[in-house]
Amino acid sequence: MDFRLTKEQEMMQKLCREFAVNEIEPIAAEIDEEERYPFETVEKLRKYGMMGIQYPKELGGSGGDTICYSIAIEEASKFCGTTGCIISAHATLGAWPIFKFGTPEQKEKWLRPLIDGTKTGAFGLTEPNAGTDASAQQTTAEKLEDGSWLVNGSKVFITGGGVADTYVIFAMTDKTKGNHGISAFIVDKNDAGFSIGKIEHKMGIRGSQTSELIFEDMVLPADRLLGKENGGFKIAMMTLDGGRIGIASQALGIAQGALDKAVQYMKERVQFGKSLDKFQGLQWMVADMATKIEAARLLVRRAAFNKDNGLPYTKEAAMAKLFAAETAMEVTTKCVQIYGGYGYIREYPMERMMRDAKITEIYEGTSEVQRMVIAGQIFKK
Amino acid sequence: MKVIVCVKQVPDTSGKVAVNPDGTLNRASMATIINPDDKNAVEAALTLKDNTGCEVVVVTMGPPPAEGMLRELIAMGADRGVLVSGREFGGSDTFATSQILAAAIKKIGLEADDIVLCGRQAIDGDTAQVGSQIAEKLNIPQVSYAADIKVEGTKVTVKRMLEDGHMTIETQTPCLITCIKELNEPRYMSVGGIFDCYKKPVDVYDYNTLKDDPLIEVDTIGLKGSPTNIFKSFTPPQKGVGRMLEGADKNTCAELAAELLKKHII
């Protein structure tokens, strides 16, 4: 057993730290304030191979592993939850289902541009009435005589909606079969009948665009079906297993970034004639936070390790996301407390980090869903 | 065409600076970085590679852990590295270092259309002597303080940055150019580069590899071959806080003149 990073993973961490400090942190507050998608950062991420870290070079990726992908999201999220979200949602939700279930032709046409970063991807599962109960899909895809598909319906809260080029979406292809009647499809942003609906104003990760997707008599050729007909629910669930490692990494980064800033602040802020780091009550708060963050990191790395080594990771990823997300919320709330009034105003990053942390308890499966998944794995026959 | 870039691993002076009792830097306890000017030299080489497809070889003299720095430079885009390392080379000053690096460059092979790039100076010693001495020992033209480099075939045009202006010099390959930070903005490592960097060659040149070169003699390398003796190393006292005089009236001028007179400046 070895807890150390490999030389390459260490270099990855160094690269991502430098990149985050120079390219991500300087605009983090600005993109939050303006609710602006950072196209310029995404272009730089593409240039350095960070949009396809864990994919093979033959397909245009960088040839890394899930641990490196996790490290990249963690380092970015230390300074900007939005950027962590963009890397994660693109590389896992957008690209992975095509990587895992696509035909060679689909991979060449749709996946390569995603993992070489020339295009970005998104994932459309959630609907107004199908959130945690993802099986209650109302979007339908009807098979036409020529084998093409007629899709009608809508999706909500789609990360990257309106900025992404390629979407993997889910629709009912056989209503009588429930979970086993859902199929996955690849949608291009220019497909006729596809449009972007409402763009949401969010509490946190405000630089990441979230929107509604609308399908009105959208006809997709037969070769847009991803995986098997009626096999979509499994694709969605497996994709989310991996996505959770990304969100857990994002939560971990937000927590670590907040604690790093609070520790620095405590050394500088003087009250009652001594700096805050001399107060034992606050020291203990920091010790507890640091311990939870380290525990979260071990869970995240373990889930990533399992994925890289072909071991089961459904339970591990759910545990990592559950614990990292709740740690992020707790740590950022306490760090706002340590900052006091300065934590509550927008001039300092802490309130933004607290707002960004909240989404990690909600998206890609709420904390309650993670508990369902974990319990389901424990009690499964 | 190939570009050979000489780089040095230096202590990171932006972090903790540790000093030994004798006043020398305690390098072992300090984090290391790639010398900043050298990184500009590497970027210049990689830009030439982007434009011409030339080979980029990074070379450093240092202890075995310096290999990590060469790997990072390969992850940025260099093709291979050469680590010049051996006990015999320890304690070298700029004279001895340039003897050894010149011999290493000859071993790598300096051809008619090749260029050697160095950073202007290292942030630990700040001598700016090694690049120039290498050029002398290789008997090739040198251009220092490059703020712009253009290469067309064997013709090299360099804009030098001087204190009070620029000077443009045209020379021929093979030549040596020292680079300054104004030359470019160094790129990061790429993720793909990181996963390939341990698959690319880093050759180690020790004393035995270089000993047949006429530049390498017992009294031209290492501590014995170093004419520089450090008399004393110390941290200079900080300058005191200055005093601002404001105003354009006669009294202020008189006060200023009196102050300067008191300090024997005028």
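## Helices over the chain B sheet

Helix 3 (residues 94-108) of chain B lies across strand 1, strand 4, strand 5, strand 6 and strand 11 of chain B, and its direction makes an angle of about 150° with strand 4 of chain B. This is a predicted model. Helix 2 (residues 67-76) of chain B also lies across strand 4 (55-61), strand 5 (80-84) and strand 11 of chain B, running at about 165° to strand 5 of chain B.

So much for the helices; what about the sheet itself? The strands of chain B form an open sheet of nine, in the order 9-8-7-10-6-1-4-5-11, and the pairing is mixed. At the edges sit strand 9 and strand 11 (202-205) of chain B, each of which pairs on one side only. On average, neighbouring strands of this sheet are turned by 30° against each other, if you ignore direction.

Is strand 6 (residues 115-119) of chain B mostly covered or mostly open? Mostly covered: five of its five residues are buried. That holds for both faces, with Ile115(B), Leu117(B) and Gly119(B) buried on one side and Val116(B) and Cys118(B) buried on the other.

Strand 1 (residues 2-6) of chain B runs parallel to strand 6 of chain B, and four bridges join them. Here Val5(B) stands opposite Leu117(B). Strand 6 of chain B also pairs with strand 10 of chain B, again in the parallel sense, over five bridges. In that pairing Leu117(B) stands opposite Ile177(B), while Cys118(B) has Thr178(B) as its bridge partner.

Which residues touch the most other members of the largest nonpolar core? They are Val5(B), Leu117(B), Ile149(B) and Ile177(B), out of 68 residues in that core. The largest share of this core, 10 residues, comes from helix 1 (residues 7-34) of chain A. There's also a second, separate core of 62 residues, which includes Leu114(A), Tyr313(A), Val331(A) and Met350(A).

## A helix pair in chain A

Two packed helices are described by the angle between their axes and the distance between the axes. For helix 9 (residues 314-339) and helix 12 (residues 367-379) of chain A, the axes come within 9 Å and cross at roughly 145°. The crossing is left-handed.

From helix 9 of chain A, the contact residues are Thr314(A), Lys315(A), Ala318(A), Met319(A), Lys321(A), Leu322(A) and Glu326(A); helix 12 of chain A brings Ser367(A), Gln370(A), Arg371(A), Val373(A), Ile374(A) and Gln377(A). By class, that contact has five nonpolar, four polar and four charged residues.

Most residues other than glycine have a negative phi, and most peptide bonds are trans. A few spots here go the other way. The peptide bond from Thr173(B) to Pro174(B) is cis, with omega near -10°. You'll find Pro174(B) in the loop between strand 9 (165-172) and strand 10 (175-179) of chain B.

Chain A has positive phi values to look at. Phe157(A), not a glycine, has a phi of about 60° and lies in strand 3 (residues 149-159) of chain A. Its relative accessible area is 54%, so Phe157(A) counts as exposed. For Asn230(A), phi is near 70°, and the residue is placed in the loop between strand 8 (225-226) and helix 7 (232-268) of chain A. Asn230(A) is buried, with a relative accessible area of 16%.

Note on methods:
Residues are numbered from 1 along each chain as its sequence is written. Chains are lettered from A and ligands numbered from 1 in the order in which they are written. This is a predicted model: local features need pLDDT of at least 70, side-chain atom pairs count only at pLDDT 80 or more; totals for chains, interfaces and linings use all residues. Side-chain values use heavy atoms; hydrogens and water are left out. A nonpolar core is a set of buried Ala, Val, Leu, Ile, Met, Phe, Trp, Tyr and Cys residues joined through side-chain atoms within 4.5 Å. Buried means under 20% relative accessible area, exposed over 50%, partly exposed in between (1.4 Å probe, protein chains only). Helices (H or I, at least four residues) and strands (E, at least two) are DSSP runs, numbered from the N terminus. Axes are lines fitted to C-alpha atoms, for helices over the stretch in contact, and angles run from 0 to 180 degrees between N-to-C directions. A crossing is left-handed if the near helix is turned anticlockwise from the far one by less than a right angle, and right-handed if clockwise. Contact means heavy atoms within 4.5 Å. Ala, Val, Leu, Ile, Met, Phe, Trp, Tyr, Cys and Pro count as nonpolar, Asp, Glu, Lys and Arg as charged, and the others, Gly among them, as polar. Two strands pair if DSSP finds at least two bridges between them.
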